[in-house]
Amino acid sequence: MLGDNIKRLMFERELSIQELADMAGIPFETLRNIYYNKVRDPKVSTVYQISRVLGVSVNTLLGDGEFGAEESELVELYNGCGNHGKGL
């Protein structure tokens, strides 16, 4: 869930709810409710501000954009291909 992803990223960056709220320019109460998964459908602008501060995409924050090690390696290999290799 969104709140769980935010918790993990905040822990990695050693941020408190208040610090993230201030940096993202959103009310503390709003972030706290998202953090504790009390909000089912937050505003897109709010999620964008949080993702910007945490340095991840909105998709990653929502849990839609994360790849495992194998997928990441495949994407890297694909990106290194020339146009001919991508067309195969």
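Visitor: Where is the place of threonine 46?
Guide: Threonine 46 sits in helix 4. Keep in mind that this model is predicted.

Visitor: Is threonine 46 buried or exposed, and what makes it so?
Guide: Its relative accessible area is 10%. Buried means under 20%. So threonine 46 counts as buried. Setting aside residues up to four places away in sequence, threonine 46 touches Ile26, Thr30 and Ile34.

Visitor: How much of the chain counts as buried?
Guide: The figure is 28% of the 88 residues.

Visitor: What makes up the secondary structure of the chain?
Guide: There are 7 helices and 0 strands. Along the sequence, the pattern reads α-α-α-α-α-α-α.

Visitor: Which residues meet where helix 2 and helix 4 are in contact?
Guide: Helix 2 brings Leu20, Met23 and Ala24. Helix 4 brings Gln49, Ile50, Arg52, Val53 and Leu54. By class, the residues of this contact are 6 nonpolar, 1 polar and 1 charged.

Visitor: Glutamate 14 next. Is glutamate 14 buried or exposed, and how do you know?
Guide: The relative accessible area of glutamate 14 is 70%. Exposed means over 50%. So glutamate 14 is exposed. Glutamate 14 lies in the loop between helix 1 (2–13) and helix 2. Its phi is near 55°, a positive value in a residue other than glycine.

Visitor: Why is asparagine 37 called partly exposed?
Guide: Its relative accessible area is 25%. Buried is under 20% and exposed is over 50%, with partly exposed in between. So asparagine 37 is partly exposed. Asparagine 37 is in the loop between helix 3 (28–35) and helix 4. Phi of asparagine 37 is near 55°, a positive value in a residue other than glycine.

Visitor: Which residues line the largest pocket?
Guide: Asparagine 37 is one of them. Others include Met1, Leu2, Arg40, Lys43, Val47 and Leu62. Helix 4 and helix 5 (58–62) each supply at least two residues of the lining. About 190 Å³ of space lies in this pocket.

Visitor: How many residues of each class does the lining of the largest pocket have?
Guide: The lining has 8 nonpolar, 1 polar and 2 charged residues.

Terms used. Residues are numbered from 1 along each chain as its sequence is written. This is a predicted model: local features need pLDDT of at least 70, side-chain atom pairs count only at pLDDT 80 or more; totals for chains, interfaces and linings use all residues. Side-chain values use heavy atoms; hydrogens and water are left out. Contact means heavy atoms within 4.5 Å. Helices (H or I, at least four residues) and strands (E, at least two) are DSSP runs, numbered from the N terminus. Ala, Val, Leu, Ile, Met, Phe, Trp, Tyr, Cys and Pro count as nonpolar, Asp, Glu, Lys and Arg as charged, and the others, Gly among them, as polar. Buried means under 20% relative accessible area, exposed over 50%, partly exposed in between (1.4 Å probe, protein chains only). On a 1 Å grid over the protein atoms alone, a cavity is a set of points where a 1.4 Å probe fits but cannot get out, and a pocket is an open set with protein on both sides within 12 Å along at least five of seven lines; lining residues have an atom within 4 Å of a point. Grid points are joined across faces, edges and corners, and a volume is the space filled by probe spheres set on the points.
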